[in-house]
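Student: I would like a close look at a single part of this protein. Please take me through it step by step.

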Amino acid sequence: MNYFALSAVLAVNGQKDTELATALYIPTHDLRIHDNPCLTRVAQFDTACIGLIYDPRWFKPTRYQTKSIGLKRWTFTIQAMEGFYTACEGLGNKPVLRMGEFVAVVNRLVQESGAQTLIMSRPVGWYECEQLIAIQAANPALQMEMFDTYTLFSEGAHAWLAEKLPRQYTPFRRLAEQAGTAAPIAAVESLPPCALQSEDEWSFAAQDLFSLDFIGTEQAGLEHLKQYLHCGAASRYKETRNALSGWSNSSKLSLWLASGSLSVRYVWQSIAEYERTHGANESTQWLYVELLWREYFQWLARKLGTQLYRFQGIAKRQPLTSFYAHRFRAWCSGTTGEPLVDAIMHELAQTGYISNRSRQIAASYCVNELQLDWRYGAAWFEQELVDYDVASNWGNWQYIAGVGVDPRGGRRFDIEKQVAQFDPEGDYIKRWLGSELTKSVALDVVDAADWPLAR
């Protein structure tokens with residue numbers, strides 16, 4: 001069963017019942033005031049409880065012995081949450097901070113607040129959708145309203161996304177360009193008072209945080225978008241986007257898009273406004289292409305359901321890879337002996353961000369040279385990337401591994417060619433390896449007793 005079949009279980013399209021006095025809003029990937037239809041709906045109620053949830057299970061090892069959220073992404077998320085908290089408080093509603101298993105906390109908030117309606121951003125991942133089904137089962141009288149805050153398109157207005165989503169990107173892009181995109185909606189000017197007065201169960205100040213080079217708040221995302229367009233980098237994007245480093249060589253918008261502190265519809269509109277002022281060219285058009293790639297993966301993930309995480313992906317054959325604990329540890333720690341790959345993994349460990357080209361190179365090396373099960377690489381990126389997005393991450397890893405939507409059956413990157421093309425002077429390698437000398441990993445000399453990784 002895929003997402004679209006599951007969503008039929010939920011009352012996902014809100015019915016504007018004016019008799020419902022109290023709403024419960026649980027922000028997830030929509031930590032912003034601008035272009036937030038969830039907040040627009042919340043503003044229609046007499047009272048509302050906005051709950052920001054901290055689930056300790058996010059920081060425990062998964063089946064791949066990695067965490068759902070690493071310290072770097074959690075730092076960025078905390079910044080986004082705190083900014084959202086402050087903004088909502090300024091609009092008249094002080095959110096509540098709750099700790100515990102997500103479904104249990106939501107069920108508790110429903111009872112404590114007396115909410116008749118649950119408002120949330122429509123989920124993309126299979127597991128998030130399962131959580132909503134569990135909440136509905138525990139609260140059969142609860143009206144659940146889902147809004148598309150994370151995508152350009154909406155399920156209700158674009159039925160073709162569910163009915164005939166193409167299996168490859170190019171035909172999707174053609175349909176998407178014909179469909180057009182909705183304009184962002186105006187930000188709310190006030191919110192109803194909080195329906196629940198109680199002590200918070202966690203605090204922003206008590207969090208163990210990482211020193212990032214970027215700030216996760218909505219205001220920081222909006223300012224970054226403004227500065228990126230103001231400096232004219234958008235007009236050079238296609239020429240610079242494959243560079244291994246350089247802050248303005250790529251847009252970096254994925255950082256704020258992933259947390260939902262920046263609206264993809266607002267970004268799309270801002271690029272269009274930039275073109276009207278500065279002119280359109282192949283580079284500005286390529287920004288749209290990248291946003292549509294992101295969009296495609298969102299809807300593909302909903303269609304695939306659990307197939308997004310399966311070893312054979314959407315292919316009819318399993319890849320000829322396995323799991324080698326020692327190889328995987330060397331890849332994660334940047335000690336494979338391949339300087340470019342090791343430099344990439346060092347940058348990821350130290351910053352929580354690597355370029356799209358670096359991600360492709362590292363993923364290809366993991367799958368094709370080290371012959372590792374692609375899902376372990378995807379899970380490592382999930383833990384380490386600040387801009388982790390479930391659909392784009394797992395969809396792109398499938399693509400590289402040859403079990404996804406790539407019609408060529410996977411991508412293998414020649415490392416020497418990548419070095420010659422993107423780091424001919426060795427500047428990137430020198431920066432992230434420094435004086436450290438890496439040695440070729442002695443494959444398979446250590447058994448699985450070395451697992452799990454020591455971090």
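Student: In which helix does T351 lie? Please give me its surroundings as well.

Tutor: This is a predicted model. T351 lies in helix α14, which spans residues 339-351. T351 is buried because its relative accessible area is 12%, and the cut-off for buried is under 20%. Its side chain reaches two backbone oxygens. One belongs to E347, at 2.8 Å. The other belongs to Y353, at 2.9 Å. Now set aside the neighbours within four places in sequence. T351 is then in contact with K72, L212, D213, F214, V386 and W432.

W331 belongs to the largest nonpolar core, which has 94 residues. Along with F172, W374, F381, W394 and W397, W331 touches the most other members. Helix α12, residues 282-304, gives the most to this core, with eleven residues. A second, separate core has 28 residues, including V42, L52, I69 and Y85.

Now for confidence. The mean pLDDT of the protein is 90. Of its residues, 91% reach 70 or more. Two stretches need care. Over residues 8-16, pLDDT stays under 50, and the model has 19 contacts there beyond four places in sequence. Over residues 446-455, pLDDT also stays under 50, with 17 such contacts. Where pLDDT is low, the predicted coordinates should not be read in detail.

Key. Residues numbered from 1 in each chain as written. Predicted model: local features only at pLDDT ≥ 70, side-chain atom pairs only at ≥ 80, totals over all residues. Heavy atoms only, no water. Core = buried A, V, L, I, M, F, W, Y, C linked by side-chain atoms within 4.5 Å. Buried < 20%, exposed > 50% of the residue type's maximum accessible area, 1.4 Å probe, protein only. Helix = DSSP H or I, 4+ residues; strand = E, 2+ residues; numbered from the N terminus. pLDDT = per-residue confidence, 0-100. Contact = heavy atoms within 4.5 Å. Polar contact = N/O pair within 3.5 Å; in protein donor to acceptor, adjacent residues only side chain to side chain.
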